[in-house]
Amino acid sequence: MKSFLPFAVAVACIAPAFAADGWLSDLDEAKKAAAEQNKNILIEFTGSDWCPPCMALKKNVMSKEEFTGPASEQFVLLELDYPRQKEQSAEVKAKNQALAQKYGIEGFPTVVFADAKGVPFGSFVGGRDMNSVKKAMSDALKAKVDIDKAMAEAGKSEGEAKIKALGQVLKLAPKEYADTFYGDVKKELLELDKDDVSGLRAADALAKKLQEQEVALMNAMNGLGRDASPAEITKALDKFAETEGLLPETKQKIGYYRFQSLMGEGKLDEAIAVMDEAIKLSPESEPAQMMSSMKDFISKNKEQILKKIQEDKAARQGQPAEDKK
């Protein structure tokens with residue numbers, strides 16, 4: 001799947017290989033260490049030298065002993081970097097890009113909580129404060145306990161009990177990773193659950209429809225080109241919004257593109273208002289969770305974000321930011 005880096009988020013051989021402060025920088029090394037130490041893996045996908053939320057997350061959370069100390073008791077810490085200025089070997093770039101695709105990374109920073117084999121049991125996207133990251137980690141660890149319990153139950157059960165246990169695994173596992181990392185569980189459940197008691201077939205049908213709509217929206221936006229004006233973007237979004245049968249999550253994405261356009265113009269308050277309306281469409285969805293976290297970050301860092309937007313705009317027009325009044 002083509003990775004899409006949202007504007008607001010961009011506003012991004014020695015063994016073992018280390019990034020900094022005890023963080024590894026190679027997944028294979030992290031898996032080896034996790035297996036030896038009986039730990040999980042915390043993977044931070046970051047744009048360390050260009051992504052403001054990434055820099056804030058590193059400065060305020062990921063580099064603090066208050067977080068890394070407790071986290072290191074249960075996780076091997078892994079940083080996968082996607083810099084724009086720092087030098088990086090072709091081998092590392094290719095390897096990290098393949099991992100971004102495998103884990104479906106669409107924005108930076110993304111933090112994935114995975115077991116020693118790299119199978120995710122939790123994740124979040126966007127900048128967060130210390131307490132929020134700690135809670136996400138705690139919630140992920142609780143989910144892993146329940147996933148492991150359901151897997152164990154499925155392994156010793158038969159018939160309806162097995163169907164129920166396998167369905168519970170997929171219910172607890174992060175939805176965005178179900179096909180990539182829990183494919184065997186899905187396959188077994190589909191083979192056993194002929195009457196769709198678990199609702200998996202219905203859920204897959206809905207997910208397929210959502211994916212088709214999101215691809216259509218993505219194509220509509222990509223067709224505008226990189227230099228499209230805010231007015232052109234708004235017109236294209238208004239036209240797409242007239243499509244019949246759009247799911248709430250698709251309507252959220254339309255709102256998210258509107259938000260991006262407003263952010264590009266530096267209209268932060270209007271952008272936040274648009275985001276609020278989009279979140280209301282489906283508050284529990286993954287896009288809503290990401291937007292909520294981004295809203296909090298923007299609200300707390302308005303001045304810095306506006307300064308970055310002005311600098312980028314001035315750079316594109318070939319003059320200093322301070323000359324743009």
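## Close-up views of a predicted model

**View 1. Helix α3 against the sheet.** Helix α3 lies across β1, β2 and β3, and its direction is at about 140° to that of β1. As in every view below, the coordinates come from a predicted model. The strands belong to an open sheet of four, arranged in the order β2-β1-β3-β4 and with mixed pairing. Because β2 and β4 (120–125) stand at the edges and have a single partner strand each, one side of each of these two strands is left without a neighbour in the sheet. Neighbouring strands of the sheet are turned by 15° against each other on average, when direction is ignored.

View 2. Strands of a sheet pair through backbone hydrogen bonds, in either a parallel or an antiparallel sense. Here β1 and β2 run parallel and are joined by seven bridges, among them the one in which L42 has L77 of β2 as its partner. On the β3 side, β1 pairs in the antiparallel sense over five bridges with β3 (residues 110–114), and the bridge partner of E44 in that strand is V111. V111 also has a bridge partner in β4, namely F124, where β3 and β4 run antiparallel and are joined by five bridges.

**View 3. The enclosed strand β1.** Seven of the seven residues of β1 are buried, so this strand is largely enclosed by the rest of the structure. In a regular strand the side chains alternate between the two faces of the sheet. In β1, N40, L42, E44 and T46 point one way while I41, I43 and F45 point the other way, and all of them are buried.

**View 4. F45 and the largest nonpolar core.** In soluble globular proteins, nonpolar side chains tend to be buried together. The largest nonpolar core of this model has 57 residues, of which L42, I43, F45, Y103 and F113 touch the most other members. Helix α6 supplies the largest share of this core, with nine residues. Leaving aside neighbours within four places in sequence, F45 is in contact with L80, Y82, L99, A100, Y103, I105, F108, P109, T110 and V112. Apart from this core lies another one, made up of 19 residues that include L262, I272, M290 and I298.

View 5. Within helix α4 (residues 65–74), the residues F67, T68, G69 and A71 are buried.

**View 6. D146 in helix α6.** D146 is found in helix α6, which covers residues 130–156. This residue counts as partly exposed because its relative accessibility is 37%, a value that falls between the limits of 20% for buried and 50% for exposed. D146 and V119 are 27 residues apart in sequence, and their C-alpha atoms are 15 Å apart in space.

**View 7. The pair of helices α10 and α11.** Helix α10 (residues 200–222) packs with helix α11 (residues 230–241) at an angle of about 150°, and the axes of the two helices are 10 Å apart. That angle makes α10 roughly antiparallel to α11, and the crossing of these helices is right-handed. Where they meet, α10 contributes Q213, A216, L217, A220 and M221, whereas α11 contributes I233, L237 and F240.

How values were computed: Residues numbered from 1 in each chain as written. Predicted model: local features only at pLDDT ≥ 70, side-chain atom pairs only at ≥ 80, totals over all residues. Heavy atoms only, no water. Buried < 20%, exposed > 50% of the residue type's maximum accessible area, 1.4 Å probe, protein only. Core = buried A, V, L, I, M, F, W, Y, C linked by side-chain atoms within 4.5 Å. Contact = heavy atoms within 4.5 Å. Pairing = 2+ DSSP bridges. Axes fitted to C-alpha atoms, helices over the stretch in contact; angles between N-to-C directions. Parallel < 35°, antiparallel > 145°, perpendicular 65-115°, else oblique. Left-handed = near helix turned anticlockwise from the far one by under 90°.
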